[in-house]
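I set out to record what I looked up in this structure. The entries follow in the order in which I made them.

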Amino acid sequence: MNCIEQIYINGKFVTPLGNEWANLYNPSTEQVIGQVRLGNKQDAQNAIAAAHAAFPAWSQTTREERLAALKRMHQAIIAREDELMEAILLEYGAPAVKGRWMATYPADAIAQVIDALKSFVFEEQIGSAKVIQTPVGVAGLITPWNSNAGFICNKLATALAAGCTALIKPSEMSALQTQVVIEALHEANLPSGVFNIVNGRGDIVGEEIANNTQIAKISFTGSTTVGQHLLTVGATTMKRITLELGGKSPTIVLDDADFKMIMPLILNAGFANSGQACIAGTRILVPQSRLQEFEQLAKHAVMQIKSGNPYLADTDIGPMVSEKQWQRVQNYIRLGQEEGATLLIGGLGKPNDLQTGWFVKPTLFTRANNQMRIAREEIFGPVLTIIPYDGDEDAITIANDTDYGLSALILGTDTVRCERIARKINAGRVLINSLVNEPLAPFGGFKHSGLGRENGRWGINAYLEPKAIILQENY
Ligand code: NAD
């Protein structure tokens, strides 16, 4: 049993004043594997006060001092890669091989911030004004359970690069990962109070971040509902807010595409992170003229996808993170059938050989339309929906007919045509014939997928206020 009793405030591990405990589960076995003691409102206030006290000195540090601190963080997190992977396997169930990136990404994210900081322009002359980018203040960083360690490291490194100090409220469901990250960051020996981490409930610690007058900025990754709530509450104290929210991303398969060749990309995009990915390509738009051919190939390809024990090297899809998430996915599979979509493969219940653990059958619906709830709502599980279209303009209309706008994937042989379509898609990121990430490019969503951007210089900018100093020389 893992017993996580302490939080991290002002450079020290402390026992929270809050005395509520939450269970930690192994989603592959459904067993309780530990408990985490949750901070309360006072703990959050203490952490915010520590970050606030550390802000004047940290905000005055030079680029070199911040780079040195980030490099220490980077080294400390790299050294914990295997421990992180173990925690991710245990409490999240990410497949060991396909999910390895989740253990390497936290350090990579810090390295990418280091790159962005090296060339970041903090001061520039604009006409008669000297424009200075000044850190906004204490940042409240709130993360979800899917890739918790990665989000902590990316948000914290970016806030520190800008000269902000921080209180982090990680997902209460990912306390093992959080613990590994805290221990590593403690070893990085940053000034006390510059970062603080409080495990706690969203409606207690999260709410305190949203309301506290000493928090100047919130960076939140999570559901659209909570994001909207933070925007509303944060308005009272004029908080600067970055929101990275949900998605219902389209994968547009063009009629000149080589279906056999692109099928792995389509399924990797859709089933990424066991389907629990904000950027998952869950709506697959297929030309009506080649629908049958696509269905046959897709069905065959999904039959090869293995949902099961995340420790096994050939596992593609691990369990859902919680029973609640499993139920949610089941409800959508039921709904898809009720709505009249054709179930091509997968369906309700657990895979045959896996009656214990929150496992889902990789599921593919076809002949759906874009008004069905399975095509409009984020399922957050390995359930994909094929929607037929007729011509490029129709594909663009369907792709954009969504409340979301996080990501899109376009697959076709004629790359000029692909780019012409990409320019018409309303999404923060449009990938053509590839799933590669460009970490220095902005990441974030249109419409209900979010507000603002993370990564690269856009990420650092989000923690800064531009100030124009205009000097009259001949006074
Ligand atoms: P969630 O919104 O339920 O929780 C996210 C975090 O917010 C958790 O730490 C939670 O404790 C906290 N929270 C809950 N209520 C709060 C409140 N009232 N005030 C402040 N904080 C509160 O999301 P989740 O279920 O953990 O994560 C899944 C969601 O995250 C999905 O919708 C997914 O699309 C989204 N997501 C988005 C991105 C992105 O980059 N756009 C990345 C990953 C996940």
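The entries below treat a predicted model and cover a helix pair, a sheet and a single residue.

Entry one: a helix pair. I looked up how helix H2 (residues 63–78) packs against helix H6 (residues 175–187), and I found an angle of about 135 degrees with the axes 8 Å apart. An angle of 65 to 115 degrees would count as roughly perpendicular and one over 145 as roughly antiparallel; H2 and H6 are therefore oblique to each other. I noted that their crossing is right-handed. I then listed the residues that meet: Met73, Ala76 and Ile77 from H2, and Val181, Ala184 and Leu185 from H6. By class, this contact has six nonpolar residues, with no polar and no charged ones.

Entry two: a sheet. I traced an open sheet of seven strands with mixed pairing, in the order E15-E16-E17-E14-E13-E18-E19. Strands E15 (342–345) and E19 (429–432) are its edges, each pairing on one side only. From one strand to the next, the twist averages 25 degrees. Helix H11 (residues 323–339) packs on this sheet and touches E15, E16 and E17. Within the sheet, I saw that E13 and E18 pair in the parallel sense over three bridges, and that Ile252 stands opposite Ile410 in E18.

Definitions and conventions:
Residues are numbered from 1 along each chain as its sequence is written. This is a predicted model: local features need pLDDT of at least 70, side-chain atom pairs count only at pLDDT 80 or more; totals for chains, interfaces and linings use all residues. Side-chain values use heavy atoms; hydrogens and water are left out. Axes are lines fitted to C-alpha atoms, for helices over the stretch in contact, and angles run from 0 to 180 degrees between N-to-C directions. Helices (H or I, at least four residues) and strands (E, at least two) are DSSP runs, numbered from the N terminus. Angles under 35 degrees count as roughly parallel, over 145 as roughly antiparallel, 65 to 115 as roughly perpendicular and the rest as oblique. A crossing is left-handed if the near helix is turned anticlockwise from the far one by less than a right angle, and right-handed if clockwise. Contact means heavy atoms within 4.5 Å. Ala, Val, Leu, Ile, Met, Phe, Trp, Tyr, Cys and Pro count as nonpolar, Asp, Glu, Lys and Arg as charged, and the others, Gly among them, as polar. Two strands pair if DSSP finds at least two bridges between them.
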